[in-house]
Amino acid sequence: MIVPTMADMMAQGKQPEVLFWVGAAGSFDDRAKKITRAFVKILHQAKVDFAVLGTEESSTGDAAKRAGNEFLFQMQAVTNIEVLNAYEVKTIVTCDPHSFNTLKNEYPSLGGKYEVFHHTQFIKKLIADGRLDINNSVLKDKKVTFHDPCYLGRANDEYESPRVLIKRLGVNLTEMKRNKSTALCCGAGGAQMFKEPEKGNKDINVLRTEDALATKPEIIATGCPYCNTMMTDGIKFKEKENEVVVKDIAELIAEANNL
Amino acid sequence: MQYLPNIIFALILIAGVGFFVKNIRKLIRNINLGKDVDRSDNKAARWKNMAKIALGQYKMVRRPVSGILHVAVYLGFIIINIEVLEIIIDGLFGTHRVFQPILGAAFYGFLIGTFEVLAAIVFIAVVVFWIRRNVIRIKRFWNKEMTGWPKNDGNIILYFEMVLMSLFIVMNASDIAFQEAGIGNPISQFVYPLLSGFSPETLHLIEQSAWWIHIVGILAFLNYLYYSKHLHILLAFPNTFYAKLKPKGELDNLEAVTKEVQLMMDPNADPYAAPAEGTESDVPEKFGASDVTDLNWVQLMNAYTCTECGRCTSACPANLTGKELSPRAIMMKTRDRMEEVGANIDANGGTFKDDGKQLLNDYISPEELWACTSCNACVEECPVNIDPLSIIIDMRRYLVMEESAAPQELNMMMTNIENNGAPWQYNQMDRLNWKDEE
């Protein structure tokens, strides 16, 4: 897979159209890496001139900030901003709503001002610009439900982009009873991903999976690597892994376009 | 002697309003215990929010049943207050229905008739509210923080409103001249026959009693506000005006930390340099919040504004799965502690005397704080734009940066970020390995 880095680009004296911020999950988590690769295939198909930071990328600090470690967050932010600004990055796209939120909202006051897209927003733009099309026959009439990531939805009021893409897949989209601004969290945000939940009577991802299963889907679509993990675990807990799959929208588009 | 009732009325009015003003000053003092935060930007958007959310009840009607009932009570209560103006003038000057000759019988009748209908609607809505709380027992009114005062407070308000509305109708029904005129009595005309057995003198006594209890009741209710969740009828307006305008996902970057980080990252900075003589140190006494005085005034105003409706808690994923966290309880506990600090200041001649307590641990436990997923469901749900999440994050900041008291797994996560640039223990040099795997 051809994935240019910013360092390569700079060596050739080039400036890519967009920086793909892969994020820690997208770089290291085996499940999330599939989302990363699917999105790169889409970028290739649309002939997007992109680059990644590769080994120069570091955690955005989102999890540290939400866990209360503002020092660590700002250390990460300042370091990342130095790298991004050194490469004169203007536009960033990422598959991780947490990175999206942090880069878009929390970096500017620390000196990092960029135009930041979630991958669903970016793909929607590629389609609008006539650079990409989605084949609507491969997944035709599959029953799909979409789980809104908190950090894309409520946190940044983006509910439409993922839905526009899902509808273009030609699938049958059914909304959960809690959707868009009333969507239930997958249970991973605010650094919960990295710890055991507090004592309770159920895990949040199981409750959310029940919401999804109530729509009787074949596919649960997500737009966040953490949501993906949590919903996949929920499906396993409910022993439904033979009936329902959890897929990121980028993976569904890659599948539909036979990439 | 003939002016005695007017004098008594004036005294009651002055006492009622005076006590209210005294408590409002205390309220403002307590809110100002909070740290400063600048919310003076973007006035146009702020006025719009207030008009839409507080005045327009925009977020209330998202839950249609309670929303529409609430709008009925809200409109009824505001509009009926025009009648209070007449009552005050009558009381002060010894007149009776002073607006009647001024406005003309027809318009006056229309006005009072409207008030009667509104009073009936408010009464019915309040009864339904009572049934929802006490008979249907909607879950959010029976959470564990809703016992004792919070539970009684909710019901007392409903009883108050039932009585005030009834008194208004009784007052009209027992006014013989008003009933005989036959205009403006669409509701009270049905109560009038029930009173027909009484002599005109007794009826007059009933009318006078209803009038007095009504106005004294209104003044009592006004003064009840400060002690009650019902304070939201006033604070909803400034609270929506000063609410955060930025995207919900954006947490503030602590300025004090920015200064420290800049110093740490600056190769030219002398780490041992003492601050210049005569300048105040920029380093705050603490990072994050362990008590109400560490929160900002908007967060404290939020706590006074909270009406304990529990919409936040009923949407909170942690609470829905049986965890300790309840965003409503976060707000209630913040208010309780703020009241305690305020009372302490009053008792000690204007300065706070250490009582060995704080918001953290004595009111809010770390277990509650660590259960939050920062999903913003509570913020989204609040009909008056309260932000419980900001308090949770500020308290986590204290736990982590002052006490190093994060759960062990989070400490590991943070160590990994510090050392490897990722929350997991992977080498940063392996960040691009995904491109060669399939």
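In this predicted model, the contact between the two chains draws on 73 residues from chain A and 61 residues from chain B. The size of an interface is often given as the accessible area lost when the parts come together. Here chain A and chain B bury about 5700 Å² between them, and carbon and sulfur atoms give 63% of that area. On the side of chain A, the residues that lose the most area to chain B are Phe28(A), Phe71(A) and Phe194(A), which together make up 14% of what that side buries.

Charged and polar pairs also link the chains. Four salt bridges are counted between chain A and chain B, and in a salt bridge between Arg37(A) and Glu437(B) the N to O distance is 4.0 Å. Across this interface there are also 34 residue pairs in polar contact, both residues being at pLDDT 80 or more. Several helices of chain A each supply at least two residues to the side that touches chain B, among them helix 3 (30-45) and helix 9 (204-213), while helix 5 of chain A gives the largest share, nine residues. That side of chain A divides into 30 nonpolar, 26 polar and 17 charged residues.

Together the two domains of chain B bury about 2400 Å², 47% of it on carbon and sulfur atoms. Five salt bridges are found across this domain interface.

How values were computed. Residues numbered from 1 in each chain as written. Chains lettered and ligands numbered in written order. Predicted model: local features only at pLDDT ≥ 70, side-chain atom pairs only at ≥ 80, totals over all residues. Heavy atoms only, no water. Contact = heavy atoms within 4.5 Å. Buried area = accessible area lost by both parts, 1.4 Å probe. Salt bridge = Lys/Arg side-chain N within 4 Å of Asp/Glu carboxyl O. Polar contact = N/O pair within 3.5 Å; in protein donor to acceptor, adjacent residues only side chain to side chain. Helix = DSSP H or I, 4+ residues; strand = E, 2+ residues; numbered from the N terminus. Nonpolar A, V, L, I, M, F, W, Y, C, P; charged D, E, K, R; others polar.
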